[in-house]
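Subject: Structure handover

Hello,

Here is the structure I said I would pass on. My notes follow below it.

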Amino acid sequence: MKQKDLLYKGKAKSVFNTSAKGKLIVEFRDDITAFDGGKKDVLKNKGKYNAEVSAFFFDYLERNGVKTHFFTMLDPHRMVVRKLEMIPLEVIVRNIAAGSIVRNYPLKEGTPFAHPLIVIDYKDDARHDPMLNDEIILALKLVTPTELKKIKEMALKVNRLLSMLLAAQGITLVDFKIEFGRQGRTIYLGDEISMDSMRLWDKKTGGSLDKDVYRFEKGDVMAIYHKVAERITKPMNKRR
Ligand code: 5GP
């Protein structure tokens with residue numbers, strides 16, 4: 001399979017056409033951005049750590065009945081994925097109050113929710129990803145009611161599976177953002193699930209193990225990404 005022309009360049013990933021029908025290559029670059037692109041850097045190996053964790057999660061989710069776009073890794077930065085028609089929704093699942101929900105509503109950081117909350121934003125940089133509700137989503141005709149129901153079910157299943165896996169590594173899954181796409185009538189989990197798109201807290205220390213380290217300059221981002229990638233993908237009993 002050959003990599004062909006660039007199809008799309010996002011803030012941290014590039015997507016390429018390939019010579020194989022229905023397959024794309026996603027390249028995880030070393031670019032890191034925060035605050036709507038207001039803060040930017042290039043951090044060596046960042047793409048590799050995020051790709052490694054994303055691939056690990058996609059594989060784990062597939063084995064547990066979640067359809068994802070992931071096929072295989074080509075090299076540490078490049079992933080072969082199923083070509084999807086992407087749905088411009090950022091589906092966020094929150095277990096504990098943190099980040100924008102604490103800034104926007106009278107909630108104390110660190111408060112667990114009685115049930116996981118699903119918050120859906122419109123993926124539109126120019127509009128700063130405004131929050132949607134079901135009625136706006138359907139009015140925009142972004143998905144059918146059946147697809148919306150399926151997306152929410154899948155998001156909650158991903159939350160259950162990832163929370164369990166991470167808890168076993170001493171990590172609390174505070175919240176995360178995922179994106180979906182369709183091929184025909186089937187909905188697949190697309191994009192990535194990485195330290196850039198999750199909020200992870202160390203169960204022992206409460207310290208951040210994700211992009212908040214970069215956003216709020218809480219420490220050496222790459223040292224933390226490296227450690228957390230090892231901790232997730234090579235649990236203690238499997239480490240050499
Ligand atoms: P918040 O709304 O608190 O900023 O984000 C909630 C969760 O979703 C966090 O884990 C955050 O990293 C993720 N998230 C929200 N918006 C984006 C986005 O545009 N890109 C990425 N990569 N993650 C996002």
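Is Phe58 buried or exposed? Phe58 is buried, with a relative accessible area of 0%. Please keep in mind that this is a predicted model.

Aromatic pairs. The whole structure holds three aromatic pairs. In one of them, Phe35 and Phe216 sit edge-to-face, 5.8 Å centre to centre and with 65° between the planes. Phe35 belongs to the loop between strand 4 and strand 5, Phe216 to the loop between helix 5 and helix 6, and the two are 181 residues apart. Phe35 is partly exposed at 46% relative accessible area, and Phe216 is partly exposed at 44%. Phe58 and Phe70 form a stacked pair, because their ring centres are 6.2 Å apart and their planes are at 20°. Phe58 lies in helix 1 and Phe70 in strand 6, so this pair ties together parts 12 residues apart in sequence. Phe70 is buried too, with a relative accessible area of 14%.

Charges over rings. Lys39 lies over the face of Tyr214, 4.6 Å from the ring centre. Lys13 lies over the face of Phe28, at 6.0 Å.

Four antiparallel strands make an open sheet in the order 10-9-11-14, with strand 10 and strand 14 at the edges. Five bridges join strand 11 to strand 14, and Leu173 has Leu200 as its bridge partner. Helix 4 lies across strands 9, 10, 11 and 14, at about 155° to strand 11. Helix 4 covers residues 145-167 and reaches 33 Å from its first C-alpha to its last. Its buried residues include Leu148, Ile151, Ala155 and Leu162.

Regards

Methods:
Residues numbered from 1 in each chain as written. Predicted model: local features only at pLDDT ≥ 70, side-chain atom pairs only at ≥ 80, totals over all residues. Heavy atoms only, no water. Expected span 1.5 Å × (residues − 1). Buried < 20%, exposed > 50% of the residue type's maximum accessible area, 1.4 Å probe, protein only. Pairing = 2+ DSSP bridges. Contact = heavy atoms within 4.5 Å. Axes fitted to C-alpha atoms, helices over the stretch in contact; angles between N-to-C directions. Phe/Tyr/Trp six-rings, centres within 6.5 Å; stacked < 30°, edge-to-face > 60°. Lys NZ or Arg CZ within 6 Å of the ring centre and 35° of its normal.
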